[in-house]
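Me: Please take me through the terms used to describe this model, setting each value against the definition behind it.

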Amino acid sequence: MVDRGPVSRLAVTVERADMLERVRDRAPGEGDRDTPGTAPADHTADGAPAPSRSATTAPGLHTTGMGAALPHDSAHLHVTGRATYTDDLPALANEVHLAPVLATVAAGTIRSIDTTDATAMAGVVGAWTAADVPGVNDTAPVYDRDPLLAADTISFHGQVVAVVAATDLAIARRAARAVVVDVEPTAPSLDLAAAYERGDHLRPTHTQQRGDADRAIADAPHRLSGDLHIGGQEHFYLEGQVARVVPGEDGDLHVTSSTQNPTEMQHLVARVLGLDMKSVTVEVRRMGGGFGGKETQSAQTAVLAALVARATGRPARMRLRRHDDMVTTGKRHDFLGKWEVGFDDEGRILGLATDLVGNAGHSVDLSEGVVDRAQFHVDNCYFAPDVRVTGHTVATNTVSNTAFRGFGGPQGMLVAESVIEAIARHRGLDPLEVRRRNRYSPPEAGDGRDTTHYGQQVTDNIIAEVMDEVAVTADYEARRAEIAAFNATSPVLRRGIALTPVKFGIAFTVTHLNQAGALVHVYKDGSIHLNHGGTEMGQGLFVKVAQVVASELGVSVDRVRISAARTDKVPNTSPTAASAGTDLNGMAAQFAARELRHNITSWLAERDGVEADAITFADDVVTVDGVALDFADVAHAAYMDRVPLSATGHYATPDIHYDRSTGSGHPFFYYAYGAAVSEVVVDTLTGEMRVLAADLLHDVGRSINPAIDTGQVEGGFVQGLGWLTTEQLHWADDGRPTVTGPSTYKIPAIADTPARFNVRLVPDSVNLADVVYRSKAVGEPPLMLAISAWCAIKDAVASLADGRVDPPLGAPATPEAILAACDALR
């Protein structure tokens, strides 16, 4: 192994620095567009601002872009209640309100739907069923079988059968309850394990493998196997599903939707209504949270509102109440992870075979991709020489599960950490030591332990540095010893500690989605308008992309006006998902801004008879051969000289591919890394648990906005903590969801955050991939840092058997589940 240097500093190694110099030879985007290849004097070779204008800039929007810890662009509106969300839009003349009619059985055949009593009510405008759909009655994003309105069969409790429109929302809801749906019920399939054993697959199984896992396991000195049951998770966005549709001229429709996926909403509205996409415009200014739950699931409200608006010629609004939202929309997939592992005396994995069984619900939706990503991440940070991973997309009579922050990656990683924990306890080792012995090696180590089971080399590997750094800064070894001493004298309260790493692949695994567009205008007064295909759901995407544009043009961010995502401004957008919002839209905006800078530079060079490299943009000033000109004056003069001051940018992620037939390829542009140490205390008589401390270290590359990135790390960890400890979904034996609101579903509150909560971004990190300013994605990866808390709970429970027995604990680790695990070990 190569000496990785002191663990107290995460410096780029010499080998990696050499590689960085090679990739820096070309500025981001050079050769992809007709833009200047030489960075201005106030920028480094890869297009980032010089260090003198980096993260030391004071907070506030009156500063220049890259590296500034700016607040969210709408923070002042959020805290004062002035931010406008879809349902805040004032009602228009003749606007109607919609309410859904929901199935009250989980499986069955529809005999009849009677809307007579509902439509007879005063104020009711009409009721619509599947028979009234003019186009295709399906809102599936990939594979058909997601009916907008149930036509012949009921597939889950809460499926929308009809929709009622009225002049008032209360009337619409009352009328919806008056619709009579006659169904012949059948026995629902609700148990994932049973459905898997029956072979109820919605898609063919998919396998990734290297070597001969069965032989390696059979020949190994030690063998273990296990099953891990992983629960789902409700998105619980603060703003529920909502859309308003306004009819226009010639049958056009303007859709305002709380969606992460405006182009998909445009496509589905057109498909269901039998229109061309040019007749539908979708607009999204902001969402009150999304987390993946508004990537495909926003379609039903948007399309139903469009259906009614089209039929009546009146504006139509649909807003789901929390109960209806929770029963009609998909969740994070619950999973069954089945594994068998062979390992040596030191706990090093020799062979691993896993079956990852995802509960798709009644239809595919995005489940195939979710199961794929679980397979991609079942290694987490660990190398196995012989491995087989098989994914199963299984059907049940529940709501169709969907995208959720991490998109299958968290479930895969949880299985990986479960395997590590089992090995450690079998061998009487600290799980951290087993993690260290199994982690991927950097390529320069030359030991062949640098390639994943799907064939992608881990070239940007800082796993060891991140793990060792957080172990030192969190004082892991001393706390481990102190906890052991505490547990030896505490019969009831037991403490536990764990350090777990994260390696998360960044890119859509569907290749064509890895593209984005942007539109930038410079007005003649020097102000700037920015539009791109990304959507803002509170994550800070808009301000980060604005910082990119401001940095490229050398102006303060307050010159940049960020406008709502609209399909008639930037077409054919990808969903804001897969943690790729800044990577894709930031690059597209950078390209557009560079084209504008090129236009202005070329014009000034010709006008003043100077070389282009004598012109720089910085601090709201354009300097031409030593002469400082105000940016606004330059913009006005350029306009007067008929210089084009509007530009589009388009970016497509390079070097990504995956062959499903061989289960191999290069599906990710790069990896984001992190590690966390969590400490918990468990009451072994009640199962109650509290997270006492969490130390997080996360890799965001060269941060565009450290304040926004730190917030994403904090929020991701807490949301992951909810998934793994408190958020439990449940269905009655007849398929009725019993968790339908905040009174029965426990998301983390402020008191559930650790009393000691330390969050740091990896210092000196630079993304080796050609991403905007060498930053890294931050939306999803931090959620998986919360796996450290789940492992710490297992550590506390395992102390009841001196750490030699792996507790039978699934997720979420609720008090009931923890108590059952304690009883099993006793």
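**Cavity and pocket**

Me: What makes up the lining of the largest cavity, when its residues are divided into nonpolar, polar and charged?

Reply: The lining of the largest cavity holds eight nonpolar, 11 polar and two charged residues. In this division Ala, Val, Leu, Ile, Met, Phe, Trp, Tyr, Cys and Pro count as nonpolar, Asp, Glu, Lys and Arg as charged, and the others, Gly among them, as polar. The model is a predicted one, in which local features need pLDDT of at least 70 and side-chain atom pairs count only at pLDDT 80 or more, whereas totals for chains, interfaces and linings use all residues. Residues are numbered from 1 along each chain as its sequence is written, and side-chain values use heavy atoms, with hydrogens and water left out.

Me: Why is it called a cavity, and which residues lie nearest its centre?

Reply: The term applies to a set of points, on a 1 Å grid over the protein atoms alone, where a 1.4 Å probe fits but cannot get out. A search of the whole structure finds eight cavities of 30 Å³ or more, and the largest has a volume of about 280 Å³, a volume being the space filled by probe spheres set on the grid points, which are joined across faces, edges and corners. Its lining, that is the residues with an atom within 4 Å of a point, comprises 21 residues, and T139, D146, Q297, Q300 and T328 lie nearest the centre. The largest share of this lining, three residues, comes from helix α8 (residues 299-312); helices (H or I, at least four residues) and strands (E, at least two) are DSSP runs, numbered from the N terminus.

Me: How do you know that T301 is buried?

Reply: T301, which is found in helix α8, has a relative accessible area of 2%. Buried means under 20%, exposed over 50% and partly exposed in between, with a 1.4 Å probe and protein chains only, so T301 falls in the buried class. Not counting residues up to four places away in sequence, T301 touches Q241, V242, A243, M318 and L320, a contact being heavy atoms within 4.5 Å.

Me: What is the volume of the second largest pocket?

Reply: The second largest pocket has a volume of about 810 Å³. Of the 28 residues lining this pocket, H229, I230, G231, D334 and L729 are the closest to its centre, and the elements that give two or more residues are α5 (192-198), β8 (222-230) and β13 (335-343). Unlike a cavity, a pocket is an open set of points, with protein on both sides within 12 Å along at least five of seven lines. By class, its lining has 13 nonpolar, nine polar and six charged residues.

**Strands and sheet**

Me: What makes β17 and β18 a pair, and in which sense do they run?

Reply: Two strands pair if DSSP finds at least two bridges between them; strand β17 (residues 515-522) and strand β18 (residues 528-532) have five, in the antiparallel sense, so they meet the criterion. Within this pair, A518 stands opposite H532 in β18.

Me: Which strands stand at the edges of the sheet, and why?

Reply: The open sheet has four strands in the order β19-β18-β17-β24, with mixed pairing. β19 (560-562) and β24 (646-652) are the edge strands because each has a single partner strand, which leaves one side of each without a neighbour in the sheet.

Me: Why is strand β11 described as largely enclosed?

Reply: Four of the five residues of β11 (residues 280-284) are buried, and therefore the strand is largely enclosed by the rest of the structure. β11 also pairs with strand β10 (residues 253-257) in the parallel sense over four bridges, with H254 opposite T281 in β11.

**Loops and backbone**

Me: Where are R642 and Y773 placed, and is each buried or exposed?

Reply: R642 lies in the loop between α17 (631-640) and β24, and its relative accessible area of 76% makes it exposed. Y773 lies in the loop between β29 (756-761) and α19, and at 0% Y773 is buried. Although neither is a glycine, phi is positive in each, about 65° for R642 and about 55° for Y773. Most residues other than glycine have a negative phi, and most peptide bonds are trans.

Me: How do you know that the peptide bond from A811 to P812 is cis?

Reply: Its omega is near 5°, and P812 belongs to the loop between α19 (787-798) and α20 (815-825).
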